[in-house]
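Dear colleague,

I am handing over the structure we spoke about, and below it I have set out what was found. Please keep in mind while reading that this is a predicted model.

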Amino acid sequence: MLLRRILGIDPGSVRTGYGIVDVRGNAVTPVTWGVIRLEGEASFPDRLFRIHRELSDLILLHRPTEAAVEKVFLAKNPSSALKLGQARGAAIVTCGVHGVAVHEYSAKEIKAAATGYGGAPKEQVAGMVSRLLGIRDPIPPDASDALAMAFCRAVTRKL
């Protein structure tokens, strides 16, 4: 049976979450997850480069076959929206550089995949992702969001 390894990415200008799952048939199992913390970087360009560098290291180590990120959404603060877009761009380009196809999902699609309801609160999504993947330890919110994106890709594969 063919193995798919999916990297979920929750890009941010202060914290970028990641989560990797393996998919074999109908079984989805967690591989790794975590958060790239960017608070200590001297400049915003340094933060973007660090996103690229650390995601590159993850891709080279774990060899995902595909990636999932959340589609662009509108933010109330234009400055925050621009920074989020740039972090998202750094993540997408990093995947492209390594030959990892990126698939985009709306927040509603991600929530519905995990909970069955596209309007579910973040806490409910995080709880369901932990249960569905059999993770008992606490997961940082950014990593949980990334795992939810990877899980969404695993169960709603668009061909």
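To begin with a pair of helices, the axes of H3, which spans residues 107-115, and H4, which spans residues 122-133, come within 9 Å and cross at roughly 50°. Angles under 35 degrees count as roughly parallel and those from 65 to 115 as roughly perpendicular, and H3 and H4 are therefore oblique to each other. Their crossing is left-handed. On the H3 side the contact is made by Lys111, Ala114 and Thr115, while H4 contributes Gln124, Val125, Met128, Val129 and Leu132. Sorted by class, the residues in this contact of H3 with H4 are 5 nonpolar, 2 polar and 1 charged.

The largest nonpolar core has 24 residues, and the ones that touch the most other members are Val21, Val28, Val129, Leu133 and Leu147. At least two residues of this core come from each of strand E2 (15-24), strand E3 (27-37), H3, H4 and helix H5 (141-155), and H5 gives the most, with 8 residues. As general background, nonpolar side chains in soluble globular proteins tend to be buried together.

If its neighbours within four places in sequence are left aside, Leu147 is in contact with Gly19, Ile20, Val21, Thr32, Trp33, Val129, Leu133, Ile135 and Ile139.

Is Arg88 buried or exposed? Arg88 lies in helix H2, which covers residues 78-97, and because its relative accessibility is 12%, under the 20% cut-off, Arg88 counts as buried. Leaving aside neighbours within four places in sequence, Arg88 is in contact with Pro11, Val69, Glu70, Lys71, Val72 and Glu104.

Arg136, for its part, is located in the loop between H4 and H5. Its relative accessibility is 81%, and so Arg136 counts as exposed. The C-alpha atoms of Arg136 and Glu66 are separated by 26 Å, the two residues being 70 residues apart along the chain.

With best wishes

Conventions: Residues numbered from 1 in each chain as written. Predicted model: local features only at pLDDT ≥ 70, side-chain atom pairs only at ≥ 80, totals over all residues. Heavy atoms only, no water. Axes fitted to C-alpha atoms, helices over the stretch in contact; angles between N-to-C directions. Helix = DSSP H or I, 4+ residues; strand = E, 2+ residues; numbered from the N terminus. Parallel < 35°, antiparallel > 145°, perpendicular 65-115°, else oblique. Left-handed = near helix turned anticlockwise from the far one by under 90°. Contact = heavy atoms within 4.5 Å. Nonpolar A, V, L, I, M, F, W, Y, C, P; charged D, E, K, R; others polar. Core = buried A, V, L, I, M, F, W, Y, C linked by side-chain atoms within 4.5 Å. Buried < 20%, exposed > 50% of the residue type's maximum accessible area, 1.4 Å probe, protein only.
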